Amino acid sequence: MANYDFKPDLRDGQQGQNVMKFFLESYFCLKCLGQGDTSAFDLKMRDEAEGKTHLYEVKTDLYEKDYSKGTGNLVLEYECRGKRSGIQTSEADYYMWYLPLLDRDQIWMAPMENLLFGIGKKAWRVQPIGEYSIRTGEKSGLAYMIPRYDYKYLFKVYSTDNRGNFWPS
């Protein structure tokens with residue numbers, strides 16, 4: 001998100017969820033069983049061939065523009081307004097980051113255990129995120145900053161051309 005305003009950020013997030021739903025349906029032949037409106041998950045997808053259902057958390061990052069602009073980080077929220085949030089409340093099996101403003105839109109996907117491994121190793125720095133609180137004068141959330149190219153081995157990365165074509169990066 002890049003607006004620091006809830007309604008536009010929610011709209012952008014929902015658009016990103018729709019793109020990721022299409023990606024999972026078309027690239028992996030998964031069936032969407034639902035989209036979550038809670039902190040538990042964003043997408044519930046079924047792999048009919050394996051007979052398994054998985055939950056996905058989707059993050060749409062409109063801040064990263066290309067390799068030379070932005071931070072190079074994937075943001076993994078864990079606290080907002082003093083309460084557990086993000087990875088601490090998600091029931092997702094997989095996290096997905098959609099970066100639509102790179103030269104080739106990118107999708108970074110990791111199973112939850114890979115993210116918990118990085119957190120357990122204290123591999124990533126913590127940074128305040130979100131809008132500033134008028135009351136406290138501080139940012140409202142905390143997140144892990146994952147340098148995506150340093151930890152690419154924890155992820156599966158895909159590119160898309162916005163015409164329904166996806167490929168591993």
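Me: Which strands do the buried residues of α2 pack against?

Reply: This is a predicted model. In it, the buried residues of α2 pack against β4 (73–80), β6 (94–99), β7 (105–111) and β9 (139–147).

Me: Which residues of helix α2 are buried?

Reply: Helix α2 spans residues 112–120, and its buried residues are M112, L115, G118 and I119. They cover an arc of only 125 degrees around the axis, so they sit on the same side of α2. The face turned away from that buried side carries the exposed residues E113 and G120. After α2 comes K122, with a positive phi near 55 degrees.

Me: What is W97 in contact with, leaving aside its neighbours within four places in sequence?

Reply: W97 is in contact with K59, L74, V75, L76, Q106, I107, W108, L115, I146 and F155.

Me: How do I read a strand such as β2? Which residues are on its covered face?

Reply: In a regular strand the side chains alternate between the two faces of the sheet. Strand β2 covers residues 43–47. L43, M45 and D47 are on its covered face, while K44 and R46 are on the uncovered one.

Me: How many bridges join β2 to β3?

Reply: Five bridges join β2 to strand β3 (residues 52–60), and the two run antiparallel. Y56 in β3 is the bridge partner of L43. β2 and β3 form a hairpin with four residues between them. In that turn, G51 has a positive phi of about 70 degrees. β2 also pairs with strand β1 (residues 31–35), in the antiparallel sense, over four bridges. There, G34 stands opposite K44.

Me: Is A40 buried or exposed?

Reply: A residue counts as buried at under 20% relative accessible area. A40 has 10%, so A40 is buried. A40 lies in the loop between β1 and β2.

Me: Which residues does A40 touch, not counting those up to four places away in sequence?

Reply: A40 touches E57, T89, S90, E91 and A92. Take S90: A40 and S90 are 50 residues apart in sequence, but 4.3 Å apart in space, C-alpha to C-alpha.

Technical notes:
Residues numbered from 1 in each chain as written. Predicted model: local features only at pLDDT ≥ 70, side-chain atom pairs only at ≥ 80, totals over all residues. Heavy atoms only, no water. Buried < 20%, exposed > 50% of the residue type's maximum accessible area, 1.4 Å probe, protein only. Pairing = 2+ DSSP bridges. Arc of directions from axis to C-beta. Contact = heavy atoms within 4.5 Å.
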